[in-house]
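Work through the exercises below with the sequence and the model side by side. Try each task before reading its solution.

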Amino acid sequence: MKLEEYGYVWLDGKIVEYENAKVPLMTHALHYGTSVIEGIRAYKAKDNLYIFRLEDHIKRLFRSASIHSIPLRHSVNDVIDGVVQMLRKNDVRDSCYIRPIAFVGLHGIDLYVREDSPSHIAIVAFKFDHYFNSNGIRACISSWRRINDLSLPPLAKAGANYLNSVLATQECRRRGYDEAILLDSNGMVSEAPGENVFLVRNGRIVTPPLASCVLEGITRDTAMRIARDMGYAVEERNIPRSELYVADEVFLTGTAAEITPVISIDDHIVGDGKEGKVTRSIREMYAKTVRAEVKAYMDWLTPVW
């Protein structure tokens with residue numbers, strides 16, 4: 001996927017030109033994966049450009065850094081302001097994707113990351129549209145298991161964790177599918193490489209609990225809040241693999257994926273092979289929410305202009 005980045009980035013508290021935002025080859029994160037990331041979207045609305053759940057994303061970035069004891073030199077408010085200022089400097093008026101990253105710098109080859117280890121925070125933005133086919137995707141169960149707290153903390157959105165996702169994605173694409181679904185170490189449904197998983201059975205919406213090694217997704221939380229406000233029963237519980245095959249509907253949630261229907265899993269047709277009515281209702285409400293069309297959720301939006 002080729003990206004079209006904007007001309008300026010935020011780096012350690014300053015706005016600099018993209019081409020000048022360089023790091024040395026011996027940057028610790030490049031060698032050992034000592035980085036944490038976020039994915040945020042800003043959506044064009046009638047009167048403004050709105051960043052969706054900006055504060056929640058930046059707070060999670062700091063929680064992820066804390067789990068791995070990566071010291072950060074700026075505050076949550078510094079980074080929140082940095083996102084807004086970077087978009088303004090680039091005169092961004094259309095919908096875009098925002099990538100904050102915090103990483104360990106020139107620490108040498110020592111693996112003992114400490115409070116005095118050098119670290120950096122950067123914020124990049126680029127043009128972005130749909131990640132998946134909005135009409136629905138075909139998924140398969142990956143042979144790779146989702147990482148767990150015995151190895152790498154799934155609650156941290158760490159760069160290193162995504163090697164697990166890369167392996168699952170490579171496998172599913174080579175097999176001709178659009179996306180993978182990973183199971184946890186107990187064989188229960190966990191998540192997709194970059195998305196949380198939901199299913200619908202008998203009008204109830206079900207998603208795996210955090211104990212199933214899922215990332216505490218912000219779009220996941222958004223979908224659950226919207227669904228409950230719309231009157232749906234939402235349940236967090238263990239989901240066996242075979243329950244995906246008999247679900248009425250399955251959908252994925254994520255910043256890039258938004259709300260994406262899954263129309264088949266391991267070649268088992270989900271429902272009638274089309275986006276279900278529950279998925280559609282949540283997807284449509286989500287689309288209105290991020291574009292400032294729902295007053296009840298305006299506190300999730302940060303205006304740029």
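**Exercise 1.** At what angle do helix 5 and helix 7 pack, and how far apart are their axes?

*Solution.* Begin with the kind of model: it is predicted, so local features need pLDDT of at least 70, side-chain atom pairs count only at pLDDT 80 or more, and totals for chains, interfaces and linings use all residues. Residues are numbered from 1 along each chain as its sequence is written, and side-chain values use heavy atoms, with hydrogens and water left out.

Step 1. Locate the elements. Helices (H or I, at least four residues) and strands (E, at least two) are DSSP runs, numbered from the N terminus. Helix 7 covers residues 277-290, and helix 5 covers 218-229.

Step 2. Read the geometry. Helix 5 and helix 7 pack at about 110 degrees, and their axes are 10 Å apart. Axes are lines fitted to C-alpha atoms, for helices over the stretch in contact, and angles run from 0 to 180 degrees between N-to-C directions.

Step 3. Classify the angle. Helix 5 is therefore roughly perpendicular to helix 7 (under 35 degrees is roughly parallel, over 145 roughly antiparallel, 65 to 115 roughly perpendicular, and the rest oblique). Helix 5 passes helix 7 in a right-handed crossing (left-handed if the near helix is turned anticlockwise from the far one by less than a right angle, right-handed if clockwise).

Step 4. List the contact (heavy atoms within 4.5 Å). Helix 5 contributes Thr-219, Thr-222, Ala-223, Ile-226 and Ala-227, while helix 7 contributes Ile-282, Met-285, Tyr-286 and Thr-289. Six residues in the contact of helix 5 with helix 7 are nonpolar, three are polar and none is charged. Here Ala, Val, Leu, Ile, Met, Phe, Trp, Tyr, Cys and Pro count as nonpolar, Asp, Glu, Lys and Arg as charged, and the others, Gly among them, as polar.

**Exercise 2.** Describe how helix 2 packs against helix 3.

*Solution.* Step 1. Helix 2 spans residues 54-67 and helix 3 spans residues 76-89; they pack at about 130 degrees, with axes 10 Å apart. That angle makes helix 2 oblique to helix 3.

Step 1. The crossing of helix 2 past helix 3 is right-handed.

Step 2. From helix 2, Leu-54, Glu-55, Ile-58, Lys-59 and Phe-62 meet Val-76, Val-79, Ile-80, Val-83 and Val-84 of helix 3. This contact of helix 2 with helix 3 has eight nonpolar, no polar and two charged residues.

**Exercise 3.** Where do Arg-53 and Cys-213 lie?

Step 1. Arg-53 has a positive phi, near 50 degrees. Its place is the loop between strand 5 (49-52) and helix 2, and Arg-53 is buried, at 9% relative accessibility.

Step 2. Cys-213 has a positive phi too, near 70 degrees. Cys-213 lies in the loop between strand 12 (204-207) and helix 5; at 8% relative accessibility, Cys-213 is buried.

**Exercise 4.** Is Leu-111 buried or exposed?

*Solution.* Step 1. Leu-111 lies in the loop between strand 6 (96-104) and strand 7 (119-127). Its relative accessibility is 59%, so Leu-111 counts as exposed.

Step 1. Leaving aside neighbours within four places in sequence, Leu-111 is in contact with His-28 and Tyr-32. The C-alpha atoms of Leu-111 and His-28 are 8.8 Å apart, although 83 residues separate the two along the chain.

Conventions
Buried means under 20% relative accessible area, exposed over 50%, partly exposed in between (1.4 Å probe, protein chains only).
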